[in-house]
Amino acid sequence: MALAPLPTTTARGRGFARPTTRPRGPRLGLLTRRTLLYLALAVIVVVQFLPLIWALLTSSMTPQETTAVPAPLWPAHPTLSSYREALQGDIGRYYLNSIIASLASTLVTMLLATLAAYAFARLRFRWKRLALLFVVSLSLFPPFSQVIPLYLILQSLHLIGTLLALIIPYSVFGLPMAILILMAFLQEVPFEYEEAAALDGMSRLGAFVRIVLPMIIPGLFTTAVIVFVGDWNEYLFALNYTTTATYTLPVGVVILSQTEFTTNFGVLSAAMVMSVVPLVALILLLERRIVSGLTAGGLKG
Amino acid sequence: MRETEMASDQATTPCEQQEESRLPFLASARSPQRPAFMTTIGAPLLEARESSPRGPLERREERLAWLMLLPVVLALLALGVYPVLSTLWFSFQQGGSFGLGTTSAGLANYLRLLHDEQFWSALRFSLLYSLVTVCGQMLCGTALALFANRRFHGRWLARAAILFPWAIPTATNSVIWAYMFNDQYGLINSLLEHLGLLNPTHPIVWLGSAQLATLLIYVLAIWKANSLVALLVLAGLQGIPEEVYEAARVDGASRWQILWRVTLPLLRPVLLVTLILRTIESLQAFDLISAFTNGGPGNATQNLGLYIYLQIQQFGDFGYGSTIAVVLTAITLLFIVLYMRTLLRTGTR
């Protein structure tokens, strides 16, 4: 590696007096250090992915295997029937509900947040800091402080039990995080572009739409992924504002697991895998961008 | 000062000052100019500048800004602020499902709290849960971040592994864990039996014991939110300029000394902000516990969130539910104020 390695032999004595330009330790020492490092990596990967591994194994077991005592650790006859069953049954509908609700609210959130983020990041106006403080602090309030009144509002609009009952709150509560992340991406765009556009006679709004927006397309995509994950995983509102027809996947999975003792574990595991796999694919694809995006948003939830 | 800024100073337009405000961790390289404590969270908040507009051009800019903000501000007022105020108002109303707002209850709901044994045990659980899990998350998350910040082949795998628990739906994840710890069909007991550590006729009933269930909830919560701490700390680590380490190494510091005397002190602001954010989040825990034990066995793992949900769903008592929600919000508010103050203080140095 071209990077300066850390000294592999550590100074034995306390204090900073010891010179360190000594040659590195023996080759063998380096090797075992590497081995330890990769061993640690392996442990971390297994621990972090444990539920996914378990769900993958269980979802490919036959119903007899999933209810065998003691549970087999490995499927003897791997099968995909659980997935078929899950997609054909209720879980398929919950999956579709999740997709519709998350996609629609992500779209609305992004639309509104992009406008606001541009104003915060690029325009000068009075009470900007106060407005931003308002947005940020609101995102930290517990959702429990809103869940009852929102229920009554949605009920008076006859929306409880429809997907709109999820799309409306999701769209709004995703805003603060999206605005913060988008601001960070917008602040990366050099101001000269807008200046040049202004010299060419373009309006601020025109420069924003035609010059700045295309430049932050990767940022927009990253933000959308993070917002989508938030909506996809939401539970409290989904639990309170849905009926059996509009359960989202997390709510459906939990309710199935808590009410039916004869539940087919294979089907439930298949549902879990299906709810996770799209996200895992996105993570592996966008790992670095998501890290920077999440950090900018201050990592809520 | 640095040359780049000096150069741009000469051509400063009113708007150009904004250009300085960028987030250092988003810059592709480690930026040596930026001290570590200027990194990460809340930077947009701190660096948003404002000025009173004078000319017609500035006034137009201000009008455009508020126009662009209007939908967001209205939406947040309607679905964010108004419900919070309603909850406060409901807490003074008589309970009963759908009969809200008809009769005032005065302070009755709050007086009821004082003698409600279940409320106090839920409050105790919530606070203890926050204390234990946040400490665990800070420790494990920081360790993960330090690991993922090292340079080695396959580091992307470490980072993806850090991200994974964040992406998996909390509720779904809890169901998976509940099955892993199922006393009959669970992987854990089965594993122990295969290893000969457990007699199959006497399985461990993990979720049937208050202590074991609580312990598992702690483990699960730490596992789940590790990633969030690790991400913030990772960003903080990348804000520390390489020269600082080089200087320490030249002075003969060992790895541990560098960690304790250089890295961690420089990370302190980031760690503090992360700690507060995690505490706020953990006080609001609901889906994790609800899907894992649903408060059981008995009420052993019931926290404030679950207790509010119980009031709403089972008893339809919106008034009393709101009262508990107000208490939870008040506790959270303490930490929100702390968060804002910390942000502003670390930002202004």
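Let's start with one side chain: that of Gln257(B) reaches the backbone nitrogen of Ser254(B) at 2.8 Å. Gln257(B) belongs to helix α12 (residues 255-283) of chain B. With a relative accessibility of 11%, Gln257(B) counts as buried; buried means under 20% relative accessible area, exposed over 50%, and partly exposed in between (1.4 Å probe, protein chains only).

A word on conventions. This is a predicted model, where local features need pLDDT of at least 70 and side-chain atom pairs count only at pLDDT 80 or more, while totals for chains, interfaces and linings use all residues. Residues are numbered from 1 along each chain as its sequence is written, chains are lettered from A and ligands numbered from 1 in the order in which they are written, and side-chain values use heavy atoms, leaving out hydrogens and water.

Zooming out, chain B has 15 helices and zero strands, counted as DSSP runs (helices H or I, at least four residues; strands E, at least two) numbered from the N terminus. Of its 349 residues, 57% are buried. Take the contacts in chain B (heavy atoms within 4.5 Å) between residues at least 6 apart in sequence: 68% of them join residues at least 24 apart.

Now for the rings. Phe, Tyr and Trp rings (for Trp, the six-membered one) pair if their centres lie within 6.5 Å; planes under 30 degrees apart are stacked, over 60 edge-to-face, and the rest tilted. Over all chains, that gives 24 aromatic pairs. One of them is Phe125(A) with Trp66(B), edge-to-face at 5.2 Å centre to centre and 70° between the planes. This pair crosses between chains, from the loop between α4 (90-122) and α5 (128-140) of chain A to helix α4 (residues 56-90) of chain B.

Note on methods: Polar contact = N/O pair within 3.5 Å; in protein donor to acceptor, adjacent residues only side chain to side chain.
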